[in-house]
Amino acid sequence: MAVVAYKCPNCGAPLTFSPESQKFECSFCGAALTEEELKNIAPATGEEEKIPASQGAKDGVEVSLYICPSCGAQIVTAPTTVATSCLYCHSPVVLEGRLRGAFHPDLVIPFSFDREEAQRRFFDWVKKKRYIPKGYFESGSTEHFMGVYYPYWVLGCNSWAAYTARANQVRVWRSGRREYTETRIYKIERDGQIGFEHLTRCALTGEGNKLADSVMPFEIRKAIPFQLPYLSGFRAEMRNIEQKSIEPVFQEDVEKYAQQILDDTVQGYSSVYDQNIGVLIKDMNYKYSLFPVWAFTYQGADGKKYYYAMNGQTGKTAGVLPLDRKKLLRDCAALGTAIAGFIALLGGLFV
Ligand SMILES: [Zn+2]
Ligand SMILES: [Zn+2]
């Protein structure tokens, strides 16, 4: 049982997770099942096809073959894909075999809004941006709004932080014709425990990683224990970044946040310098999680492809927007400063 498909108990058509009703729905007869009801139904299954080594890579890209449980056609996937749909019958399939053991996710956040709503939110977002060429984004001009569960590592931990710094307190006053300056030099020490929860990093390398990181944060408090059927009707990717390789990244995050927290406790001096921090991380608790992202591309008039991503839980959107340079330059000239241009350029990047 390497691949599974969830079928409607009434008519046998595919069941997919509906963000709107938060139920598993049949688009053919309209049946809607809860997670509890779905548990009692055995899904249709198919096998993984063993591919001869010579055919295991197409154009240098590694692929795997599965048999569609609905129509028997071959399903070709990338090595990290764990949910997709059949190219021939469009049935959603979950590659259950890739979600076992250490690759069984701990948490999932189901999509909270559907494709139409994602499109609506995207155009709302675009409307608020200036300097986008007029008519560039007409409704429906984006291709492939695709719901993808991306893999993330979520870390909760405790830390012991020791912090030292020096600070000056300068006082200047006049007495008669003399000016006096008094500089008091302080040595500052802080140490203590800082707890962290829900530190999050994307667990997949490559194209999607930057976008997947840029739509954070997720409301992880609302995550639920992972269940396979939530992937039905969406694409899902499994991690290719292991806990060991993400650890130094989290170590840096913890140090950075600890420094910010302790910097904030040093107030009221004329200057603070020589900051030094040592952080010991303990009680690490990793959760392997799949979180929802609407991913889509737009083919620009200039032939360039623009990539966007939207947090499938909160709607936060990120991506590079095309710039109307003429409009931008005109506004800059009117203001007589390059600052407006600089800000607009920043605004066009990940926002
Ligand atoms: Zn049905
Ligand atoms: Zn099929």
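1. Cys-89, at 29%, counts as partly exposed.

2. Before going further, a word on the model: it is predicted, so local features need pLDDT of at least 70 and side-chain atom pairs count only at pLDDT 80 or more, while totals for chains, interfaces and linings use all residues. Residues are numbered from 1 along each chain as its sequence is written, chains are lettered from A and ligands numbered from 1 in the order in which they are written, and side-chain values use heavy atoms, leaving out hydrogens and water.

3. What coordinates the zinc ion (ligand 2)? The SG atoms of Cys-68, Cys-71, Cys-86 and Cys-89 do, at 2.3 to 2.4 Å. Donors are N, O and S atoms within 2.8 Å of the metal (3.2 Å for Na, K and Ca); water is not among the atoms, so sites may look incomplete. The donor residues follow the spacing C-x2-C-x14-C-x2-C. Cys-68 sits in the loop between β9 (64-67) and β10 (74-77), and Cys-89 in the loop between β11 (81-85) and β12 (92-94), so the pair ties together parts that are 21 residues apart in sequence.

4. Now the overall fold: the protein chain has six helices and 20 strands. These are DSSP runs numbered from the N terminus (helices: H or I, at least four residues; strands: E, at least two). Of the 351 residues, 42% count as buried.

5. The largest nonpolar core has 64 residues, and Phe-122, Tyr-149, Leu-231, Trp-294 and Tyr-308 have the most contacts inside it. Strand β14 (residues 143-175) gives the largest share, nine residues. A second, separate core of 20 residues includes Cys-202, Val-293, Ala-309 and Ala-318. Such a core is a set of buried Ala, Val, Leu, Ile, Met, Phe, Trp, Tyr and Cys residues joined through side-chain atoms within 4.5 Å.

6. Lastly, confidence: the mean pLDDT (the predictor's confidence in each residue, from 0 to 100) of the protein chain is 85. Strand β13 (residues 107-108) is highest at 97, and helix α6 (residues 339-348) lowest at a mean of 46. Over residues 336-351 the pLDDT is below 50.

Technical notes: Buried < 20%, exposed > 50% of the residue type's maximum accessible area, 1.4 Å probe, protein only. Contact = heavy atoms within 4.5 Å.
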